[in-house]
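Q: Please take a close look at the side-chain pairings in this model, meaning the rings and the sulfur links. Start with charges placed over rings, then go on to the rest and to the chain around them.

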Amino acid sequence: MLGPLPRRLVMMVALSGATLVFACNSSTSPARSGPPAALRAVTGDSQIGPEGLYLPVPLTVQVLDAGGRALAGVRVDWTVAGGGSLRSSAAPTVTDSVGLAVVLWQLGPLGPQSVVASCCGLIGTTFTARAVLSLAQQLTILSGQSQADTVGHTLAQPIVVQVLRPDGTPDVGAVIGWGTSTPGGHFSPTFARADNLGRASTLWTLGTVAGAQTSWVRVRGFPQVLVGALAYPGPPTHLTITPNPLPLLGAIDEFVVPLAEARDRYDNVVSIDVTLSAADTTIVRIGAVDTTILRFNPLDTVVGRRHGTTWIREQFGTLRDSLPVTMLGFSAVSSGGARFCGLSLAADTYCWGSNSAGGLGDGTATDRLHPVLIASGLGLQLPYTYGHTCALTASGQAYCWGDDESGELGDGSSNYATELHQFLPTPVTGGQPFATVRPGADHTCAVATSGAAYCWGANDFGQLGRDTVTTTCEAYARNGLRCSNSPILVSGTLTFAQVTAGLDHSCGVTTSGAAYCWGRNEAGELGNDSTTSVCGPATPPDPCSYVPLLVQGGLAFKSVKAAESFTCGVAMNGDGYCWGLATGGTAASHVPVKVSGGLTFADIQAGGGGACGLTTSGQVYCWGGPVFLGRGPTPVRPDLQFAALAASGFAGCELTTTNDLFCFGF
């Protein structure tokens with residue numbers, strides 16, 4: 001019985017027919033033909049193929065007359081013996097223009113088979129074939145597949161395979177091998193000969209790694225056959241806490257989430273419940289971290305409470321592991337640009353947070369959630385940070401690191417056109433000893449031990465306190481803007497006790513308490529509306545001053561802090577003042593405006609559009625910025641007493657009187 005040809009096989013038939021057409025057309029035949037006289041086989045006889053599959057070569061016959069001319073339109077019948085079936089593009093088959101009729105033969109079960117083509121009362125043409133086993137049927141897994149047991153154990157059922165010859169009879173004596181990849185265990189035996197049923201078996205001892213394991217069976221001339229098993233972890237033999245060592249904690253409520261696990265003798269993780277505990281719960285606690293964003297499993301989270309070192313432990317029955325955990329105590333702290341630095345009680349320097357362009361100074365550009373030790377051996381004092389970071393040694397040598405596109409590191413590098421950053425502390429050129437140094441967004445200012453002020457970096461708005469025509473820094477040289485990659489003296493003969501660098505302006509307080517500012521004055525951040533210069537790349541240029549201008553109002557200041565487009569300071573009597581762009585505690589003004597609330601301040605820090613102040617009673621209040629937007633001075637952790645401040649309305653840290661750090665907003 002004929003059926004329609006599958007599409008792929010129709011293409012094969014068409015290809016065979018096209019070849020024969022070409023052969024027939026190459027000869028000349030008379031225009032007139034006689035009755036059928038011969039039926040001959042063209043292709044497809046004496047093939048061997050896997051049972052149940054189509055033979056690769058189609059069965060093709062040709063009908064000819066007595067003169068050997070091909071006859072078209074003649075019906076050809078096909079008879080199958082021994083199983084199988086035929087497929088053709090049409091049923092019954094009829095010869096084409098060159099006398100050909102074509103079918104495809106799908107073999108039946110094992111053994112010899114035949115097909116007879118007949119027509120027109122002529123003697124039929126017989127095609128023979130033999131169906132054999134496919135390779136996949138000749139090598140098979142009879143039992144032992146998909147078992148499960150503990151690592152290192154021998155599976156209960158042997159792996160039994162069978163090898164058959166193509167005719168389906170056992171391949172007695174065939175050599176069978178078993179193998180697996182390390183550490184997938186081993187077999188016993190690794191080789192065997194097939195018995196009178198073509199079978200052989202082996203025992204599989206699992207490897208030492210828990211999870212899915214794969215082995216293989218191989219017989220020469222056959223593709224390997226895979227065998228799978230599942231290995232369970234063994235009983236727990238030890239516990240581990242990772243990472244080891246644990247990172248340092250830097251602040252109250254800072255946390256780390258260690259992984260506490262039980263493992264078997266081969267170090268596979270065993271799924272059991274283990275609990276963490278702290279030896280001294282006054283230093284760290286084990287519990288949830290309450291935030292509006294995340295809630296962590298209380299069994300997994302170690303939360304800092306006060307500085308010190310203690311141990312965290314996990315235990316399961318008689319098994320246990322422990323690791324030390326340390327929360328640092330600090331004597332001083334600073335913050336800026338989503339980065340924090342502190343001087344530990346042991347006088348070591350740490351930074352953490354954003355590490356853009358290497359601003360942390362640990363030799364990488366990787367952000368750090370926890371404090372990392374920097375500049376070991378340099379003896380740096382507290383680093384101050386904003387767009388980049390700077391610090392002094394005890395002898396007054398200044399070091400800076402991080403972004404350097406504007407020359408803000410002050411290293412005087414001759415290759416400024418390609419030097420964009422430094423990942424490690426780099427000495428400021430000139431050898432001038434400094435008493436203080438403060439980085440801004442893309443410039444830096446410092447007070448020399450003589451009281452003279454120096455600045456370096458970007459000067460497109462006059463923030464260096466002196467006009468410059470040099471372009472010794474990459475980004476500014478490219479755009480034709482002013483800058484200096486080495487310290488230059490601020491104009492005038494003022495003697496400063498303190499300086500500060502902001503976004504595009506700088507300020508300082510003289511030894512007599514007078515406050516001066518210089519640089520951009522777009523929003524009144526200089527505290528003086530008498531600027532006559534214009535500068536900067538904007539069109540039209542912004543008001544600015546290349547020289548220090550006295551902050552108006554006749555006030556004497558203890559300190560000032562330049563931020564983005566505003567400045568804040570603490571007057572000698574403890575009143576807080578801000579000027580420039582409006583913050584939560586003041587109105588926008590070109591002259592100092594008193595901070596509301598009647599508070600007496602010891603320090604005010606500003607940045608991120610807001611400010612925070614430390615009162616003389618040890619309380620911290622913040623206003624403005626995204627955290628305290630639209631609010632006047634608002635208390636932060638009134639339950640704590642603070643001794644130092646490094647905060648703004650965006651993020652920051654305060655140092656308690658017990659040398660513990662509390663941070664917020666990051």
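A: The charged end of Arg438 sits over the ring of Tyr384, at 3.5 Å from the ring centre. A charge is counted as over a ring when NZ of Lys or CZ of Arg is within 6 Å of the ring centre and within 35 degrees of the ring normal. Arg637 is another case, lying over the face of Phe662 at 5.0 Å from the ring centre.

The model is predicted, so local features need pLDDT of at least 70 and side-chain atom pairs pLDDT 80 or more, while totals for chains, interfaces and linings use all residues. Residues are numbered from 1 along each chain as its sequence is written, and side-chain values use heavy atoms, with hydrogens and water left out.

A search of the whole structure finds 11 aromatic pairs. Rings of Phe, Tyr and Trp (for Trp, the six-membered ring) pair if their centres lie within 6.5 Å; planes under 30 degrees apart are stacked, over 60 edge-to-face, and the rest tilted. Strands (E, at least two residues) and helices (H or I, at least four) are DSSP runs, numbered from the N terminus. Phe601 has a relative accessible area of 1% and is therefore buried. Trp623 is buried as well, at 0%. Buried means under 20% relative accessible area, exposed over 50%, and partly exposed in between (1.4 Å probe, protein chains only). Elsewhere, ring pairs join Phe330, Phe340 and Trp352 into a cluster.

The sulfur links are next. A disulfide is a covalent bond between the sulfur atoms of two cysteines. Here a disulfide is taken as a pair of cysteine sulfur atoms within 2.5 Å, and by this rule the count comes to 9. Cys341 is joined to Cys351, with S to S at 2.1 Å. This link has 105° about the S-S bond and is right-handed. Cys341 lies in strand β30 (residues 339-344) and Cys351 in strand β31 (residues 349-353), so the bond ties together parts that are 10 residues apart in sequence. Cys341 counts as buried at 0% relative accessibility, and Cys351 is buried at 0% too.

Cys390 and Cys400 form another disulfide, with sulfur atoms 2.1 Å apart. The torsion about their S-S bond is about 105°, so this disulfide is right-handed. Cys390 sits in strand β34 (residues 388-392) and Cys400 in strand β35 (residues 398-403), and the pair links distant parts of the chain, 10 residues apart. Cys390 and Cys400 are both buried.

A further disulfide runs from Cys473 to Cys483, at 1.9 Å from S to S. Cys473 is in the loop between β39 (453-458) and α3 (474-479), whereas Cys483 is in strand β40 (residues 483-489), 10 residues apart. Cys473 is buried at 1% relative accessibility, and Cys483 at 0%.

Phe434 gives a view of packing around one ring residue. Phe434 is found in strand β37 (residues 434-439), and its relative accessible area of 5% makes it buried. In sequence Phe434 and Gly396 are 38 residues apart, yet C-alpha to C-alpha they are 4.7 Å apart in space. Neighbours within four places in sequence left aside, Phe434 is in contact with residues including Leu392, Gly396, Ala398, Val447, Tyr454 and Trp456. Contact means heavy atoms within 4.5 Å.

Finally, the chain as a whole. The chain has 3 helices and 56 strands, and 49% of its 666 residues count as buried. Its C-alpha trace spans about 130 × 75 × 45 Å along the principal axes. Of the contacts in the chain with a separation of 6 or more, 53% come from residues 24 or more positions apart.
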